[in-house]
Amino acid sequence: MAQTEGRLAGKNALITGAGSGIGRASALQMAAQGAAVMCADLDTQAAEGTVALIAERGGNADSLGLDVRESDQVLAALQHTAGSFGSVNVLFNNAGVGGGFGWEDTVAINLGGVFNGLYHGARHFAAQGGGSIINTASVAGLVGLTGPHVVDADELDPGAGAYVAAKHGVAGLTKQYAVSFGPHGVRVNAIAPGYIETPMTAEARDDAQTREYLLGLHPLGRFGQPQEIAAVAAFLASDEASFVNGVILPVDGGYTAR
Ligand SMILES: NC(=O)c1ccc[n+]([C@@H]2O[C@H](COP(=O)([O-])OP(=O)(O)OC[C@H]3O[C@@H](n4cnc5c(N)ncnc54)[C@H](O)[C@@H]3O)[C@@H](O)[C@H]2O)c1
């Protein structure tokens with residue numbers, strides 16, 4: 001059951017990739033604002049860890065194991081969340097992987113996983129008269145990526161192209177579902193983070209040359225914190241964002257402003 005106080009009181013959220021980074025911070029943030037949160041992740045133990053953190057803070061959460069690549073698992077997760085909390089009205093399609101996974105896995109997780117969430121989530125929310133769906137895109141959903149090293153085509157990391165293509169796909173799906181399901185009261189938006197200090201970016205941030213290069217791409221001169229994405233996710237989930245639909249919102253310290 002949802003709590004009765006807080007900006008998200010009465011909201012019940014399903015968050016994918018909730019075991020780490022942006023997903024964990026968003027689960028904590030939404031729970032702190034009164035939502036009941038189902039923490040879903042491929043790494044079930046990590047999702048349980050997030051639930052424990054929420055419980056320590058007096059929030060309401062539960063966890064489930066989920067592979068977003070599997071359409072039937074995503075549908076079952078929505079149904080399980082609705083059964084546990086009485087309903088589900090916020091879906092954060094956040095699970096994803098970084099570079100180095102190659103074309104098929106990157107697209108299956110980062111784009112296919114979001115599609116599975118939208119496909120089942122939008123129908124579920126439309127049937128109950130509304131809801132808010134948030135997708136995690138990336139600055140790589142708006143522009144191509146650059147790196148510190150000058151490389152020729154043969155040396156290009158195939159994961160980078162796949163990541164950029166998948167995230168641009170997330171932006172496209174966000175717009176299409178916003179258009180198609182807006183008339184049913186379903187808002188669909190995406191967040192496009194710049195580089196955020198999560199395990200996904202640890203390797204890049206640990207390499208001195210790469211770190212300096214990437215910092216220079218952010219006019220604020222620093223990387224973002226997962227809480228800074230979570231704050232925006234909580235806003236988009238809330239009724240304060242009641243007229244926000246179909247946006248790909250950069251939260252990137254100015255990365256895409258030039
Ligand atoms: N960290 C950044 O700088 C950054 C920037 C832009 C976009 N993003 C996006 O933000 C999202 C979250 O990334 P993060 O930085 O928090 O990474 P993270 O690695 O800290 O967390 C990702 C979580 O997703 C889970 N996951 C991976 N594959 C899954 C699957 N098939 N099914 C279910 N769960 C799965 C992982 O187990 C992990 O807990 C991703 O979509 C990522 O592409 C991150």
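Start by selecting helix α1 (residues 21-32) and helix α8 (residues 226-237). Gly21, Ile22, Ala25, Ser26, Leu28, Gln29 and Met30 of α1 meet Pro226, Gln227, Ile229, Ala230, Ala231, Ala233, Ala234 and Ala237 of α8; two residues are in contact if their C-beta atoms, placed from the backbone, lie within 7 Å. By type, the residues of this contact are eleven nonpolar, four polar and no charged. Here Ala, Val, Leu, Ile, Met, Phe, Trp, Tyr, Cys and Pro count as nonpolar, Asp, Glu, Lys and Arg as charged, and the others, Gly among them, as polar.

Before you go on, note that this is a predicted model, in which local features need pLDDT of at least 70, side-chain atom pairs count only at pLDDT 80 or more, and totals for chains, interfaces and linings use all residues. Residues are numbered from 1 along each chain as its sequence is written. Helices (H or I, at least four residues) and strands (E, at least two) are DSSP runs, numbered from the N terminus.

Now look along the two helices. The axes of α1 and α8 come within 8 Å and cross at roughly 55°. Axes are lines fitted to C-alpha atoms, for helices over the stretch in contact, and angles run from 0 to 180 degrees between N-to-C directions. The pair α1 and α8 is therefore oblique; angles under 35 degrees count as roughly parallel, over 145 as roughly antiparallel, 65 to 115 as roughly perpendicular and the rest as oblique. The crossing of α1 and α8 is right-handed, a crossing being right-handed if the near helix is turned clockwise from the far one by less than a right angle, and left-handed if anticlockwise.

From α1, the contact uses Arg24, Ala27, Leu28 and Ala31; from α2, Thr50, Leu53 and Ile54. These residues divide into five nonpolar, one polar and one charged.

Next, pick Gly59, in the loop between α2 and β3. Leaving aside residues up to four places away in sequence, Gly59 touches Ala31, Ala32 and Ile54. Is Gly59 buried or exposed? Gly59 counts as buried because it has 22 C-beta neighbours inside 10 Å; the cut-offs are 20 or more other C-beta atoms within 10 Å for buried, 12 or fewer for exposed, and partly exposed in between, with C-beta atoms placed from the backbone. Then move to Ala35, in the loop between α1 and β2 (36-41), which is buried too, with 30 such neighbours.

Finally, show the strands. Seven of them form an open sheet in the order β3-β2-β1-β4-β5-β6-β7, with parallel pairing; two strands pair if DSSP finds at least two bridges between them. β3 (60-65) and β7 (248-251) stand at the edges with a single partner strand each, so one side of each has no neighbour in the sheet.

Zoom in on β4 (residues 90-93): Val90 and Phe92 point one way, Leu91 and Asn93 the other, and all are buried. Strand β1 (residues 12-16) pairs with β4 over three bridges, and Leu14 stands opposite Leu91. Four bridges join β4 to β5 (residues 131-136), where Val90 has Ser132 as its bridge partner and Asn93 stands opposite Asn135.
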